[in-house]
Amino acid sequence: MKLDFIDLGKLSVSKANMRYSKKAPDVTDILPTVRQRGVIVPILVRLNGTPDTFEIIAGARRFHAATLVAAERGEVGQEVEPMPCAILEAGDDADAIEASLIENSARLDPDEVTRWECFTRLVKEGRSPEQIGLTFGLPDLGVRRILALGNLMPRIRDLYRKGEINVSTVRHLTMASKSQQRAWLALLDDDSAYVPTGHQLKGWLFGGASIPVKHALFDTEGMTKIVTDLFEQESFFSDSEAFWALQTKAVEERRAAYLDEGWSDVVSLSRGEQFCDWEFVKAPKRKGGRVYIEMRHSGETTFHEGYVTAKEGRRLAKGEAAEPAQKAVRPEITGMMQTYIDLHRHAALRAALLGHPGLSLRLMVAHAIAGSPLWTVRVEPQTTRNHAIRGSVECSWGEIKFDTVRRDVLALMGLNGEAATLAGIGYGSESRLAAAFSRLLELDDAQVMQVLTVVMGETLASGTGMVELLGQHIALDMAVDWEADDAFFELLRDREALLAMVEEVAGPTIAKANADEKTKVLKTIIRDHLAGADGREKREGWVPRWMNFPPAAYTERGGVGTVERARQAAQALAGGDDDPETEEEDAGTVNPLPNGQSEAGQHDEDGEEDTPLAA
């Protein structure tokens, strides 16, 4: 490498430059410095194939800034200074790409999409993920994760580059098929639709056992094991085993047809195994190109025609023949025999489990944590579009306490304490299920019950009758966990309810004196009494009727969801039907507790205090 000053007219940006683009980059941050002091740090260049011309490997932004300054000076007749350059020795494009990325990484950190663009070009130049990792100090997995961005549609990559979707979301989208990515983008464009992100996105992509009929490669007319949604827009197979039996047969027929057409080989990937196009290169049939069959757990099957491995692609570029793919070893038993063996072993094992309740408990908890093809594990998302509500819940005493215990349980299970949830971490992965079960076998009963309580807390649906039943059964006192905050007062709208609240916290005299005041004034009175401000008597432990266990309404108009759910839960527990007469009788008193327990004291008929639910 040697240093020299080169005229701007002899320089151009190389396509090997990390920041190469037909559009000029933003240089507003360095333009004032270049105007004042010129370019101080040399740019990296190499010969461009013709004498006295050079292409820029690193330093495109400095070059564009210097070009703008040169144009300004040319207008007033000032002399244009040449660029300080470090001239690289002649080398291949891979060396140039690496030099560009290394040099720029020390200046303006490249985003992952820019790294993907560079890494992809390095792969095409013959670099392996392992070699890229060694060059840039990244683990192989980190390089492969960046390369996996190639499975994304360009618009999703652009959203990620702009920071409009987070890392967790984009990681899961790399596992989605193109049709799933298009469906997700359609939800993103619909202001009224729920858009799954983060760990919820993975459940949206792979959750549930239903398989869309549109993914079938066989004739579905006349089949009975098909269900259709209420709008008759989507149909699904209710029996996934029946689907895969027919789908596998259809795939084998297509495979035989490809071979008859003259393809050198047809490779069926394992179900769920992803076809990563960056690991392959296109090759025609006459040069040994193969067909790769990709079958996703969703039932979607894709036939990738005309590919060979990247290594074989480099051999083809040199004029050598591609090696035939390794043939699958024929198993010693048929598929039906395997089914026979599996069903008999399953029948014997579940009969044996009847004598091992402790083992069954741990197995159940493991399924709730990691899921399986028969378990769909969904975590209560606690989502809302209102930022104030979200912030209020996240800072609440109950949420902080639960998150603290969850971190302890994650550590107990040998998992990352920063994981968002414990339940659903495996999303049906058999290895994660086995790992969770093995860990639970090492824990004593008390520890297993602690794990179970966290899993149950994560998967208990908000706004349901079970919340009402459990809260009353354990006599939950909301005054311990909650106090009125800004979000609560912002959401108060009903004037009649506000007057009743003023009477609760300040007394009937003050409520009557302010009966004609605006809601803003009524809220201020409540706030002042709760805080003991301006010499007012402080009201301790106040909780609005809606939030108590059991809940109650402030007006005869009702319309409070918690009150109605509590009534329905009480009726369900009592084994009653939706009888209008009983509804009228139950409207005043809500007591969904067993054994004659009262709402307030929760004592049985003999006056003895009821014991809590046994663990």
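Biologist: What makes the crossing of α22 and α24 left-handed?

Modeller: The model is predicted. A crossing is left-handed if the near helix is turned anticlockwise from the far one by less than a right angle. The crossing of α22 and α24 is of that kind, so it is called left-handed.

Biologist: How do you know how α22 and α24 are directed against each other?

Modeller: Helix α22 (residues 495–506) and helix α24 (residues 519–531) pack at an angle of about 25 degrees, and their axes lie 9 Å apart. Angles under 35 degrees count as roughly parallel, so α22 is roughly parallel to α24.

Biologist: Which residues make the contact?

Modeller: From α22 they include L498, L499 and V502; from α24 they include L522, I525 and I526. The residues of this contact divide into 10 nonpolar, 2 polar and 2 charged.

Biologist: What is the order of the strands in the open sheet?

Modeller: The 4 strands run in the order β9-β11-β12-β10, with mixed pairing.

Biologist: Why are β9 and β10 said to stand at the edges?

Modeller: β9 (266–268) and β10 (280–282) each have a single partner strand, so one side of each has no neighbour in the sheet. Neighbouring strands here are turned by 50 degrees against each other on average, direction ignored.

Biologist: How do you know that β10 and β12 pair?

Modeller: Pairing needs at least two bridges. β10 and β12 (residues 301–309) have 3, in the antiparallel sense, so they count as a pair. F280 stands opposite T309 in β12.

Biologist: What packs on the sheet?

Modeller: Helix α12 (residues 310–317) does, touching β10, β11 (290–295) and β12. Its direction makes about 45 degrees with that of β12.

Key. Residues are numbered from 1 along each chain as its sequence is written. This is a predicted model: local features need pLDDT of at least 70, side-chain atom pairs count only at pLDDT 80 or more; totals for chains, interfaces and linings use all residues. Side-chain values use heavy atoms; hydrogens and water are left out. Helices (H or I, at least four residues) and strands (E, at least two) are DSSP runs, numbered from the N terminus. Axes are lines fitted to C-alpha atoms, for helices over the stretch in contact, and angles run from 0 to 180 degrees between N-to-C directions. Contact means heavy atoms within 4.5 Å. Angles under 35 degrees count as roughly parallel, over 145 as roughly antiparallel, 65 to 115 as roughly perpendicular and the rest as oblique. Ala, Val, Leu, Ile, Met, Phe, Trp, Tyr, Cys and Pro count as nonpolar, Asp, Glu, Lys and Arg as charged, and the others, Gly among them, as polar.
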